[in-house]
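Here is a short walk through one protein model. Look at the chain first, then read on.

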Amino acid sequence: MKQTFIAQQVFDGETFHSECPVTIEDGHILAFDTVSGAKEVKLDGMLSPGFIDVQVNGGGGALLNADTSVECIETIGSAHARFGTTGFLPTLITDDIDVMRRAADAVAASLTKASAGVLGVHFEGPHLSIPKKGVHPQSHIRRISDAELELFSRDDLGIKLVTLAPENVSVEVIKALVAADVKVCLGHSNADYETVVAALEAGATGFTHLFNAMSAFGSREPGMVGAALESRDAWCGLIVDGHHVHSAAAKVAIYGKPQGKVMLVTDAMPPVGLNSEASFELFGTEVIRQGDRLNALTGELAGCVLDMAGAVRNTVNMLGIDLDEAIRMGSLYPAQFLNLEKRQGQLSVGSRADFSLLNHHIKVEQTYIGGKRVF
């Protein structure tokens, strides 16, 4: 069935248009015009490309590490769809190999089922640096083995992203991962500048939550942060929640990197989508929610109560970034990082009909994935 959506405003990822008709058919955008026989749907607000989040640990009370099931992944996806996310990578933090395999099986089953929004999987760990582990359990941090290499080489997982510490994974292994169609991000690392550059030359293309849990920038030792900011080609995920990164540091990254190389991520945990202030458990440790901040009892930040619409709002209101650029940071740029820009991350003829309806407060009123309203 053809449908024509007519909103007060449309942002296609590049330009704002007033009352521009968007006609969809079979889950894709057919035309930016009215089409004979299409059902018209009037909308009050702005149609915007759906958000893409490459780091989603949980939401709606669910956590992938605690429940490696299709149902858990769908709960997480539904929670984030309320906030305009139309594509995401369910993210498993450091855990044992059996949990990793079960999570992979659940992602594969979700892709087979075409669960809304699931693009692949992000393994954040377990090949990390203990000094920069954050809340990742030290007992599961380890060197990469044939078991993990076999898992990462599966061809039924959609987009595969692995975050690793390059001081603990050789350039030869990084090259092997890239050859197996794995996107390698660097993070939770205490590596020196030279080691990071070598990993980039081996094929790593991104950095996980820039500034957080990585060797800091200094005048004589640039560290991972310095290498990330210097690189013209690598993407950087950025958590804009007012807790993880100071606004000045965030602006240095956005202004210093080439346009399109900083993308918003949520690092979301189970409380996203819940009104409760209740705590939750992570590897036997209580995580306390205080408003929009999560801390382990030992003091570390423990992920976020952040959604993508909130990240866009914060980028506009806290950092002073223009709305069009903030939206691209949450949609087009992660799509480009994942090589999806021809079908997701922007509104163009032939692209998937993944979009949200935003009000003037940059809050989500409706979300559509493949032309189907999911919120």
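Leaving aside its neighbours within four places in sequence, which residues is Asp267 in contact with? They are Gln55, Asn57, Glu124, His209, Ile239, Gly303 and Cys304, where contact means heavy atoms within 4.5 Å.

The model is predicted, so local features need pLDDT of at least 70 and side-chain atom pairs count only at pLDDT 80 or more, while totals for chains, interfaces and linings use all residues. Residues are numbered from 1 along each chain as its sequence is written, and side-chain values use heavy atoms, with hydrogens and water left out.

Asp267 is listed by UniProt, in an unreviewed entry, under "active site"; such annotations may be inferred rather than shown by experiment. Asp267 counts as buried because its relative accessibility is 8%, and buried means under 20% relative accessible area (1.4 Å probe, protein chains only).

The loop that holds Asp267 runs between β15 (262-264) and β16. Strands here are DSSP runs of E with at least two residues, and helices are runs of H or I with at least four, numbered from the N terminus.

β16 also belongs to an open sheet of three strands, in the order β16-β17-β18, with antiparallel pairing; two strands pair if DSSP finds at least two bridges between them. The edge strands, β16 (280-282) and β18 (293-296), each pair on one side only. Three bridges join β16 to β17 (residues 285-290), and Glu281 has Glu286 of β17 as its bridge partner.

Over residues 46-374 the chain is 29% helix and 22% strand, and the end C-alpha atoms lie 17 Å apart.

Notes. Buried means under 20% relative accessible area, exposed over 50%, partly exposed in between (1.4 Å probe, protein chains only).
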